[in-house]
Amino acid sequence: MPLEIICGDITKMRVDAIVNAANTALQMGGGVCGAIFRAAGEVELQAACDKLAPIKTGEAVITPAFKLPAIYIIHTAGPVYKDGRQGEEELLRSCYKNALALAKNAGCGSIAFPLISSGIYGYPKAEALQVAISTIADFLKKEEMTVNLVIFDKETYALATEVAAPYIK
Ligand code: AR6
């Protein structure tokens, strides 16, 4: 199954689409979003985002990737984690599903995701990994695509390889 867990910086990925862990206003923020805006070109990317904003939590939209090695950036707004009883899991699942559907419609053969909501938005990393990996695995049962999950820090990467082990045979 073409699910690959990678430890690194998503802005360097040579794939058809990279996913941005955005906010609903599609404004440049911190974390991976700030890194993507800086590497793509802040002015051009913000102008493209302004035409599509706002989005709802769980939705996804697509822009060019400007100066990045990727072709597209798919922006999706993850849920802010409160206590896990506010529909966070379904909303996080929607981010992955909607981004994958958009990538498929755009003809992408490869996509790279960060671990959405697991930084500034506070989603516990182990649970965020379960949602990400199980949702991607479900998609790959029916569709052909190379899906990379790009994890920034070594500790979370080690956890990710454990969570993914039953899915990668
Ligand atoms: N490549 C891959 N992953 C990264 C990178 C990178 N270059 N930089 C950070 N991460 P976060 P969120 C990881 O906070 O929780 C922004 O302001 C990071 O270690 O970027 O969805 C947006 O505009 C973490 O595991 O996104 C929103 O307002 C993961 O990316 C808000 O933050 C996601 O962390 C979104 O918060």
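I start with a term: a polar contact is a pair of N or O atoms within 3.5 Å; within protein, one must be able to donate a hydrogen and the other to accept it, and residues adjacent in sequence count only if both atoms are side-chain atoms.

I note that this is a predicted model, where local features need pLDDT of at least 70, side-chain atom pairs count only at pLDDT 80 or more, and totals for chains, interfaces and linings use all residues. Residues are numbered from 1 along each chain as its sequence is written, and side-chain values use heavy atoms, with hydrogens and water left out.

**Entry: the ligand**

I looked up the residues around the ligand. There are 21 of them, and Asn 23, Gly 30, Val 32, Ser 118 and Ile 120 come nearest. To count as near, a residue needs a heavy atom within 4 Å of the molecule.

A polar side-chain atom of Asp 9 is 2.9 Å from a ligand nitrogen atom. For Ser 118, a polar side-chain atom lies 2.6 Å from a ligand oxygen atom. Ile 120 uses a polar backbone atom, 2.8 Å from an oxygen atom of the ligand. How much of the ligand does the protein bury? Taken alone the ligand exposes 700 Å², and the protein buries 90% of that. These areas come from the Shrake-Rupley method with a 1.4 Å probe.

**Entry: Asn 23**

I found Asn 23 in the loop between strand S2 (17-22) and H1. Helices (H or I, at least four residues) and strands (E, at least two) are DSSP runs, numbered from the N terminus. Asn 23 is buried, with a relative accessible area of 19%. Buried means under 20% relative accessible area, exposed over 50%, partly exposed in between (1.4 Å probe, protein chains only). A polar atom of the Asn 23 side chain lies 2.8 Å from the backbone oxygen of Gln 27. Leaving out residues up to four places away in sequence, Asn 23 touches Ile 55, Ala 77 and Tyr 121. Contact means heavy atoms within 4.5 Å.

**Entry: Ser 118**

Ser 118 sits in the loop between S5 and helix H4 (125-142). Is Ser 118 buried or exposed? Ser 118 counts as buried, at 12% relative accessibility. A polar atom of the Ser 118 side chain lies 2.7 Å from the backbone oxygen of Leu 115. Not counting residues up to four places away in sequence, Ser 118 touches Tyr 123, Lys 125 and Ala 128.

**Entry: helix H2**

I checked H2 (residues 42-50) for burial. Leu 45, Gln 46, Ala 48 and Cys 49 are buried. They lie on the same side of H2, because they cover an arc of only 160° around the axis. The arc is that of the directions from the helix axis to the C-beta atoms. The buried residues of H2 pack against helix H1 (31-40), strand S3 (60-64) and strand S4 (72-77).

**Entry: Thr 76**

I moved on to strand S4, where Thr 76 is found. Thr 76 counts as buried, at 0% relative accessibility. The Thr 76 side chain reaches the backbone oxygen of Glu 59 at 2.8 Å.

**Entry: aromatic pairs**

I found 2 aromatic pairs in the structure. Tyr 96 and Phe 113 form a tilted one, 4.9 Å centre to centre with 40° between the planes. Rings of Phe, Tyr and Trp (its six-membered ring) pair if their centres lie within 6.5 Å; planes under 30 degrees apart count as stacked, over 60 as edge-to-face and the rest as tilted. Tyr 96 lies in helix H3 (residues 88-105) and Phe 113 in strand S5 (residues 110-113), so the pair ties together parts that are 17 residues apart in sequence. Tyr 96 is buried at 0% relative accessibility. Phe 113 is buried at 0% relative accessibility.
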